[in-house]
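Here is a friendly briefing to read alongside the sequence and the structure. Keep both in view as you go through the points.

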Amino acid sequence: MINFKRADHIHICVTPERLEEARLFYTDIIGLEPTKRPDVFSSAGYWFRIADIELHIGVEESHPRSIRHTAFEVSDALAARKYLESHGLEIMEEPLITGRKRFAFIDPFGNRMELLQLL
């Protein structure tokens, strides 16, 4: 049996030519705090603090969309949705789950991100 303690980080990808755009999106629009990325990697990328875990952005060629996603709990899903809509992001409805208010959005690089509020 594995005794999990917590999530440590989430890794998403963008195409190499959009890496700087991704850095700006995740700092300026989403509001994440950049953190130090070790210099041991051969490819480019950025790391960010998000609550008590990290979001890592790496580079790879584009892939078609899938149901893969990352989910983050937020304190006010409606306010988050309105904020993202005001920045022109694509919003996706999620199936209703009792006790949760949730939706997903597609970041400008094709990554699906779910935001949920526990009720």
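Buried means under 20% relative accessible area, exposed over 50%, and partly exposed in between, using a 1.4 Å probe and protein chains only. With that scale in hand, Lys 36 and Asp 39 are both exposed. The model is a predicted one, where local features need pLDDT of at least 70, side-chain atom pairs count only at pLDDT 80 or more, and totals for chains, interfaces and linings use all residues. Residues are numbered from 1 along each chain as its sequence is written, and side-chain values use heavy atoms, with hydrogens and water left out.

**Confidence**

- The predictor's confidence in each residue is given as pLDDT, from 0 to 100.
- The protein chain has a mean pLDDT of 93, and 100% of its residues reach 70 or more.
- Within the chain, confidence is highest in α1, at 97, and lowest in β5, at a mean of 92.
- Helix and strand names such as these follow DSSP runs (H or I of at least four residues for helices, E of at least two for strands), numbered from the N terminus.

- Strands count as paired if DSSP finds at least two bridges between them.
- Four strands make an open sheet in the order β1-β4-β3-β2, with mixed pairing.
- At the edges are β1 (9–14) and β2 (33–35), each pairing on one side only.
- From one strand to the next, the twist averages 35°.
- Three bridges join β2 to β3 (residues 45–50) in the antiparallel sense, and here Glu 33 stands opposite Arg 49 in β3.
- Six bridges join β3 to β4, again in the antiparallel sense, with Tyr 46 having Ile 57 in β4 as its bridge partner.
- The hairpin of β3 and β4 has two residues between the strands, and Ala 51 takes a positive phi near 55° there.
- Helix α1 lies across β1, β2, β3 and β4, and runs at about 10° to β3.
- For that angle, axes are lines fitted to C-alpha atoms, for helices over the stretch in contact, and angles run from 0 to 180 degrees between N-to-C directions.

**Salt bridges**

- A salt bridge here is a side-chain nitrogen of Lys or Arg within 4 Å of a carboxyl oxygen of Asp or Glu, and this rule gives a count of eleven.
- Arg 23 and Glu 20 form one of them, at 2.9 Å from N to O. The two residues are three apart in helix α1 (residues 19–29), so about one helical turn separates them.
- Both ends of that pair are partly exposed: Arg 23 has 28% relative accessibility, and Glu 20 has 39%.
- The exposed pair Lys 36 and Asp 39 also forms a salt bridge, with the closest N and O atoms 3.6 Å apart.
- Arg 65 meets Glu 90 at 2.8 Å, N to O.
- Shared partners link Glu 94, Arg 102, Arg 112 and Glu 114 into one salt-bridge network.

**Around Phe 105**

- Phe 105 sits in strand β7 (residues 100–106) and counts as buried, at 4% relative accessibility.
- Contact means heavy atoms within 4.5 Å. Leaving aside residues up to four places away in sequence, Phe 105 touches residues including Phe 25, Ile 30, Leu 84, Leu 89, Met 113 and Leu 115.
- The C-alpha atoms of Phe 105 and Ala 80 are 10 Å apart in space, with the residues 25 apart in sequence.
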